[in-house]
Amino acid sequence: MKKVEISNVSIVGAGISGLTAGCALLSRGIEASIYERSEYIEEFGAGITLSANATRLLERLEILPELTKVSYLPTKIIIRNYSSGEEIARIPINITKPNEFITTDRRDLINVLLRRYKSLNGNVNTACEVLEIDFDKKELVCSNGKRQSSEVFLGCDGVRSKIREKYFDNSKPIYTNFLAWRGIADITNLPKFKDSEEINLYYGPNGHVVHYPIGTEGKINFVGVKNSQHWTKESWKEEGSKEDLLKDFSTWNNSLLSLMTSPEKVFKWGIFERPKIQSIQKRNIALLGDAAHPMVPFLGQGGCMAIEDAYCFGLLYSKLENSDKALNLYQQIRLKRGNWVQKRSKLQARFNHISNPTLVKLRNLLAKKISINAVRSVHSYDADKESIKRIKT
Ligand SMILES: Cc1cc2nc3c(=O)[nH]c(=O)nc-3n(C[C@H](O)[C@H](O)[C@H](O)COP(=O)(O)OP(=O)(O)OC[C@H]3O[C@@H](n4cnc5c(N)ncnc54)[C@H](O)[C@@H]3O)c2cc1C
């Protein structure tokens, strides 16, 4: 029989939420171990934006300085017309600090989180798919026979979370009717618009495109989202053909399309979500990140929410005298916030993809105001302050 190990918290999954939770717990002196089904901790080569609500927490966890070194620090978001490239609005960012809002390569983000976790003596068990949690024995059971006894279990296992399906709701992920094209291009292929090297967002009928630099080596990440009724593939992401990409964006600006077709490979992603959940805590299990509230990526908030969840749980678990109180308060704080951002992200899709010409004119007039409002309402949230306030009340 395999030896049963003991730690305070067992974390299922070594993505953004699992690794950040590991750092948040260990840095407060709580024992934690991560269980990851893949053989290696790795990410898909693609960009990610992290806004102030996430970076201020990474700063408190002493992760931001390392991440800043490998990230791009934009100063503005330029919103453009899809066919002419004409500017609709510009929104200044990083006004008070240069690295409140960063754009980075996911592989670098995961590497920096993993290095910090390991520097805190964190342990990752790879090739360890978690099959179930034995409530009576308070044990997690892995596919390789390993068992781990813990006080609390965190489901950080992403949008296809088996922990969620098994212990929370048995819903399946639903295709959102949005398809994303992604790729990484060279900076030399940027459209020659003024400030193309900043975050550029193009609004078009039934779709939008965003591109921004990642890292420090002249690479540009792009994501092009289209309304699309069907996702018939078994896989959620696959290599796509440039001909299909051009068909999807046939009426869009030529120099933008040159950028999007310049990488050797382009990828297609089906975007999936799950229905709103009633509870993200049950017995001694909590859900974090995409397992709790997978969202459409139109406000760039899925990863940021994963970081907020992880930070909040680490703080509550270390400050409250028992785990039931920590789990309970975690649920109260994070369910509301996650559900709100999930809903707000979906609304943004409607706004970005308007096709009626009269509404387009109105949308363009409001673009600056609405974007600044989104930036303020979503990015100003401080999970640290909120958690401390709620502990005291
Ligand atoms: C096109 C697109 C663009 C996006 N852009 C942004 C953006 O700009 N900014 C932003 O903040 N967010 C963005 N997101 C969202 C973001 O990528 C996700 O919200 C984030 O990756 C979720 O992290 P997670 O740790 O919760 O889940 P995941 O990253 O999915 O990690 C889950 C981990 O759990 C492991 N696992 C699964 N099951 C098991 C098991 N049974 N046992 C052990 N291990 C298991 C998996 O192997 C994986 O390593 C975007 C998403 C998409 C699709």
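Thr75 sits in the loop between helix H3 (64-69) and strand E4 (76-81); helices (H or I, at least four residues) and strands (E, at least two) are DSSP runs, numbered from the N terminus. The model is predicted, so local features need pLDDT of at least 70 and side-chain atom pairs count only at pLDDT 80 or more, while totals for chains, interfaces and linings use all residues. Residues are numbered from 1 along each chain as its sequence is written, and side-chain values use heavy atoms, with hydrogens and water left out.

**Thr75 and its surroundings**

- At 38% relative accessibility, Thr75 is partly exposed; buried means under 20% relative accessible area, exposed over 50%, and partly exposed in between (1.4 Å probe, protein chains only).
- Thr75 and Glu198 are 123 residues apart along the chain, yet their C-alpha atoms are separated by 6.9 Å.
- Apart from neighbours within four places in sequence, Thr75 is in contact with Ile91, Pro92, Ile93 and Glu198, where contact means heavy atoms within 4.5 Å.
- The side chains of Thr75 and Lys76 make a polar contact of 3.2 Å.
- A polar contact is a pair of N or O atoms within 3.5 Å; within protein, one must be able to donate a hydrogen and the other to accept it, and residues adjacent in sequence count only if both atoms are side-chain atoms.

**Ligand site**

- The shell around the ligand has 28 residues, of which Ser17, Glu36, Arg106, Asp290 and Gly303 come nearest; a residue is near a molecule or strand if one of its heavy atoms lies within 4 Å of it.
- The side chain of Asp290 places an N or O atom 2.7 Å from an oxygen atom of the ligand.
- On its own the ligand has 1000 Å² of accessible area, and the protein covers 88% of that; accessible areas come from the Shrake-Rupley method with a 1.4 Å probe, and for residues only the protein chains shown count as cover.
- Helix H1 (16-26), strand E3 (47-50) and helix H8 (302-319) are the elements that give two or more residues to this shell, and H8 supplies the largest share, 3 residues.

**Thr104 in strand E6**

- Thr104 belongs to strand E6 (residues 102-105) and is buried, at 0% relative accessibility.
- The side chains of Thr104 and Ser71 are joined by a polar contact of 3.0 Å.
- Beyond neighbours within four places in sequence, the residues in contact with Thr104 include Ala46, Ile48, Leu67, Val70 and Ile214.

**Cysteines**

- The whole structure contains 0 disulfides, a disulfide being a pair of cysteine sulfur atoms within 2.5 Å.
- The closest cysteine sulfur to that of Cys142 is in Cys128, 3.6 Å away, which is too far for a bond.
- Cys312 is in no disulfide either, as the nearest cysteine sulfur, that of Cys156, is 13 Å away.
- Cys142 is buried at 3% relative accessible area, and Cys312 is buried at 0%.

**Positive phi in loops**

- Ala127, a residue other than glycine, has a positive phi near 50°; Ala127 lies in the loop between strand E7 (123-125) and strand E8 (130-134) and is partly exposed at 35%.
- Asn206 also has a positive phi, near 60°; Asn206 lies in the loop between strand E12 (199-204) and strand E13 (207-214) and is partly exposed at 33%.
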